[in-house]
Number of protein chains: 2
Amino acid sequence: MRNHTPSSITDTVLDQMAGTPSPRLKMLMEVGIRHLHAFAREANLTPQEWLQFIEFLTRVGKTCTPTRQEFILLSDVLGLSTMVNALHDATAVEDATRTSLLGPFFREDSPEFELGEQISTREAVDPILLWGRVSSAAGKAVANAKVMIWQTSGSGTYDLQEGDGSAIDYRGTFRTDAEGRYFLRTVRPLGYYIPMDGPVGDLVRAQNRLGKRPAHIHFLISAPGFRELVTALYFPDEYVESDVVFGSSPDLIAREKAADPEAPIKGLPSVRFDFTLARAGTADTAGGRVGADPKAVDAAARAAAT
Amino acid sequence: MRNHTPSSITDTVLDQMAGTPSPRLKMLMEVGIRHLHAFAREANLTPQEWLQFIEFLTRVGKTCTPTRQEFILLSDVLGLSTMVNALHDATAVEDATRTSLLGPFFREDSPEFELGEQISTREAVDPILLWGRVSSAAGKAVANAKVMIWQTSGSGTYDLQEGDGSAIDYRGTFRTDAEGRYFLRTVRPLGYYIPMDGPVGDLVRAQNRLGKRPAHIHFLISAPGFRELVTALYFPDEYVESDVVFGSSPDLIAREKAADPEAPIKGLPSVRFDFTLARAGTADTAGGRVGADPKAVDAAARAAAT
């Protein structure tokens, strides 16, 4: 036993954790403790600031519900989610479409549609056609790939944010055809504020950040033998450069055409985006989604508590 | 806008936070982001591990109530609380008694007692006398100092952990006499498990740590013109070397005497401990408590949410 000092306490803590059976947990905690302690030391964190940090985290936890995941939102605005995405991309066995955040509005229960159908039930204004091809890194069509799509309405809200969050809209699940093609009707999404009425919104405001995301459409594409692709297409609006969750990137810009002669359905503006899937590798036995259905996170947290 | 990589994303995030008006918040976030990102990079944090981290934090938040502060407990078992304590001690203007954790069981509503009274209402077994002197760094008695004391029962539970947590016991507030003396009767506290039925308990178990604290008695001592002293006395039991929250230290060991001729009340075992207060300095305009009444944290989190 020793009298603790800012320079001695870290090793004392790591000594007590030295018997951790799982090498991976041991390593994660060791790296985490070193950085957590170094943060406090370098910032000379005061007791008052520490308490504000405790209160902030408590409030983030209290804000989480089955339809809202404030910790994922926090991870997003701190760039941690994009960091984990980038680290995951680096483990792919071959080049594929760049990934982007799953975000806090994904839900597992996404209705199935036939190719060409409209996924927005409540709006018909500003419709667009979304289409393209899913192929392997070698350029071969991936037939029957599962393509899950979700986005905001034309007014910038997800279904989870409307009413009591139980209605399903602006999302759907499709299967690519024999040529690996997908196509569907939707509405043009709108850039939006992340939820600004919680602790994460307060932080973003205190940082003088705008708190907006560019208009975008989420994709989750999977097929047997391939790494699951979680990504999004971004519309080049005024927020695309300052995405508050660092999801947008030059590789993922949606290019809209007023009348594309190649489009599978004519008569409306269209966005074509072709996706490339990497073959599954050893890193793909576990999931690669940097995000989750908030309902699933809530259920996991509750299950662990009982 | 750029395509994010593990090495580029940190600067992109810091660029977006560059307009933070408060220099202190800007600095805290910059140091925090650098360490958070470095942690993910060095550990090569996987999406699955990231999600487990999100679930864990969500569960910690859900476990917080007006009588339980799981985030403070987490900070304690990671050694962060002791780190902040040690950093705070280093800002004192003169040498004083070493501090220790406030812990998660402090409460503001502590009943007032006369010197010599017994603070445990429900138990009379194993009584001890606790006494000593509060003085300045120059050795001068501090009269009328407020001495708040709290501890477990002889069975190792705090009042907050008993029944619905509303009954008050094993805690009290005293005032030192003209010679700076305090003395009171209490029961010998017992070492105990930290709450092991929540996410922090799961973590401690996964690390093969015992999860026990040595028997101890908390003190919060204040007087006008002096830095508030938050500390604790530790009984040299079998857990004092492996305190799961790193609160014990050689300077804070309670030495029990079976019959001390100097004791102000005779006929029972006694522990004498003299405390030294440092004069208040510029670092003492804000609070120095590494801990808080869980009810106050809960109220602060709720107030911020409305």
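**Close-up views of a predicted two-chain model**

The C-alpha centres of domain 1 and domain 2 of chain A lie 38 Å apart. This is a predicted model, in which local features need pLDDT of at least 70 and side-chain atom pairs count only at pLDDT 80 or more, while totals for chains, interfaces and linings use all residues. Residues are numbered from 1 along each chain as its sequence is written, and chains are lettered from A and ligands numbered from 1 in the order in which they are written.

**View 1. Chain A and its two domains.** Chain A is divided into domain 1 (1-44) and domain 2 (70-283 + 292-304), with bounds that come from an automatic or database domain assignment. Along the principal axes, the C-alpha atoms of chain A fill a box of roughly 75 × 40 × 40 Å. You will find seven helices and 11 strands in chain A; helices (H or I, at least four residues) and strands (E, at least two) are DSSP runs, numbered from the N terminus. Of the 306 residues in chain A, 50% are buried. Here a residue is buried if 20 or more other C-beta atoms lie within 10 Å of its own, exposed if 12 or fewer, and partly exposed in between, with C-beta atoms placed from the backbone. Among contacts in chain A between residues at least 6 apart in sequence, 74% join residues at least 24 apart. Two residues are in contact if their C-beta atoms, placed from the backbone, lie within 7 Å.

**View 2. The rotation axis between the two copies.** A rotation of 180° with 0.0 Å of shift along its axis superposes chain B on chain A, with an RMSD of 0.0 Å. The two copies are thus related as by a two-fold rotation axis. The superposition is by least squares on the C-alpha atoms of residues with pLDDT of at least 70 in both copies. Look for B:Gly61, whose C-alpha comes closest to the axis of the residues of chain B, at 2.0 Å. The same surface serves both copies, as 99% of the contact residues of chain B recur in chain A.

**View 3. The side of chain B that touches chain A.** The contact takes 85 residues from chain B and 85 residues from chain A. Each of the helices H1 (9-16), H2 (23-43), H3 (47-63), H4 (70-77), H5 (80-89), H6 (199-206) and H7 (294-305) of chain B supplies at least two residues to this side. H2(B) gives the most, with 15 residues. By type, the residues of this side of chain B divide into 46 nonpolar, 27 polar and 12 charged. In this tally Ala, Val, Leu, Ile, Met, Phe, Trp, Tyr, Cys and Pro count as nonpolar, Asp, Glu, Lys and Arg as charged, and the others, Gly among them, as polar.

**View 4. Helix H1 and its cover.** In helix H1 (residues 9-16) of chain A, the buried residues are A:Ile9, A:Thr10, A:Val13 and A:Gln16. Seen down the axis of H1(A), these buried residues fall within an arc of 130°, so they line one face of the helix. The arc is that of the directions from the helix axis to the C-beta atoms. Their cover includes helix H2 (23-43) of chain A together with H5 of chain B. Turning to H1(B), B:Ile9, B:Thr10, B:Val13 and B:Gln16 are buried. What covers them includes helix H5 (80-89) of chain A together with H2 of chain B.

View 5. Leaving aside neighbours within four places in sequence, A:Ile221 is in contact with residues including A:Val134, A:Val147, A:Leu229, A:Phe275 and A:Leu277. A:Ala223 is found in the loop between strand S7 (216-222) and strand S8 (229-234) of chain A. With 21 other C-beta atoms within 10 Å, A:Ala223 is buried. Beyond its neighbours within four places in sequence, A:Ala223 is in contact with A:Val142, A:Ala145, A:Lys146 and A:Leu277.

**View 6. Two asparagines with positive phi.** A:Asn44 has a positive phi of about 50° although it is not a glycine. A:Asn44 is found in the loop between H2 and helix H3 (47-63) of chain A, and counts as partly exposed with 17 C-beta neighbours inside 10 Å. For B:Asn144, phi is near 60°, a positive value in a residue other than glycine. B:Asn144 has its place in the loop between strand S1 (127-136) and strand S2 (146-151) of chain B, and counts as exposed with 12 C-beta neighbours inside 10 Å.
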